[in-house]
Amino acid sequence: MSTIEATVDAGPVVTEAAERRTATRTGSRGAALAGARDMLPLLLGILPFAVVIGVTVHRAAIDHLAGWAGSLLLFGGIAQLTAVELLDKGVAPLVIVGTVVLINSRFVLYSAALAEWFRHEPRRRRLWLAFPLVDQLYVVCTERFAAGDLDRAQRRAYYVGGAMVLAVGWVTTQGIATLFAASIPSPELLQIAAPLAFVGLLAATVKDRAALVAALVAGAAALAGPVIPSHLGLLAAIVLGVLVGGLVDRRPS
């Protein structure tokens, strides 16, 4: 009799736990969809850059599959494009690796900035979450997380939702461009895609005077970037924008 009573008494507890799990799944699903939706405008801005890389891979004297694989292994457009062109020129592998590491070094700062939002996640999961972190994902997530209305599971779901849209769009577009590069008319016109994508990314971050000045300076530098070799123009634009924005932010109003 006591066993039956205990089972009956446990019913509400089990029901409440099940309801909480259902609510968590529902909230996480909604957060993932929100992350995917918020990523779409920035994805559309970088797809021309993906086409540029696909065309470059097609024209380079390297294995096309290996060149396209950089969209997954590097997950950074500037670094991938630079690596493909340096490989095509026969540059020493150590020089290529060093250049790619330099270009992608900014992602370390992004990871450090987002670490506080994922400090409760297991280390293995944090490593996986860090892999797709690029400029667009960083901007979208920091903006959303700052609102403070997402719990731990929802933040992770939002991040993954945005990352999935970015990764699928980026990798798929590069693959198509690599296969059908010969059918793309005047691909040289797409060479300004990277600066335009960068300027669009900056526009999404403008919130105050310092951010506006940083965006204008970095945008102007990015548009002039093609004259700098090895695609380091965008990296220089990022550094210059951050420095100028920091100086303006420290000035008294």
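If we set aside neighbours within four places in sequence, Ala 130 is in contact with Ser 111 and Tyr 159. Keep in mind that this is a predicted model. Take Ser 111 to begin with: 19 residues separate Ala 130 from Ser 111 in sequence, yet their C-alpha atoms are 6.6 Å apart in space.

Where does Ala 130 sit? It belongs to helix α6, which covers residues 123–130. That brings us to helix α8, residues 152–179, whose axis comes within 11 Å of the α6 axis and crosses it at roughly 30°. The crossing of these two, α6 and α8, is left-handed. On the α6 side the residues are Arg 125, Leu 129 and Ala 130, and they meet Arg 156, Tyr 159 and Val 160 in α8. Sorted by class, this contact has four nonpolar residues, two charged and no polar ones.

Now the other pair. Helix α3, residues 77–88, and helix α4, residues 93–103, have axes that come within 9 Å and cross at roughly 165°. That is why α3 is described as roughly antiparallel to α4. The crossing of α3 and α4 is right-handed. Ile 78, Ala 79, Thr 82, Ala 83, Leu 86 and Leu 87 of α3 meet Ile 96, Thr 99, Val 100 and Ile 103 of α4. Here the count for α3 with α4 is eight nonpolar, two polar and no charged residues.

How values were computed. Residues are numbered from 1 along each chain as its sequence is written. This is a predicted model: local features need pLDDT of at least 70, side-chain atom pairs count only at pLDDT 80 or more; totals for chains, interfaces and linings use all residues. Side-chain values use heavy atoms; hydrogens and water are left out. Axes are lines fitted to C-alpha atoms, for helices over the stretch in contact, and angles run from 0 to 180 degrees between N-to-C directions. Helices (H or I, at least four residues) and strands (E, at least two) are DSSP runs, numbered from the N terminus. Angles under 35 degrees count as roughly parallel, over 145 as roughly antiparallel, 65 to 115 as roughly perpendicular and the rest as oblique. A crossing is left-handed if the near helix is turned anticlockwise from the far one by less than a right angle, and right-handed if clockwise. Contact means heavy atoms within 4.5 Å. Ala, Val, Leu, Ile, Met, Phe, Trp, Tyr, Cys and Pro count as nonpolar, Asp, Glu, Lys and Arg as charged, and the others, Gly among them, as polar.
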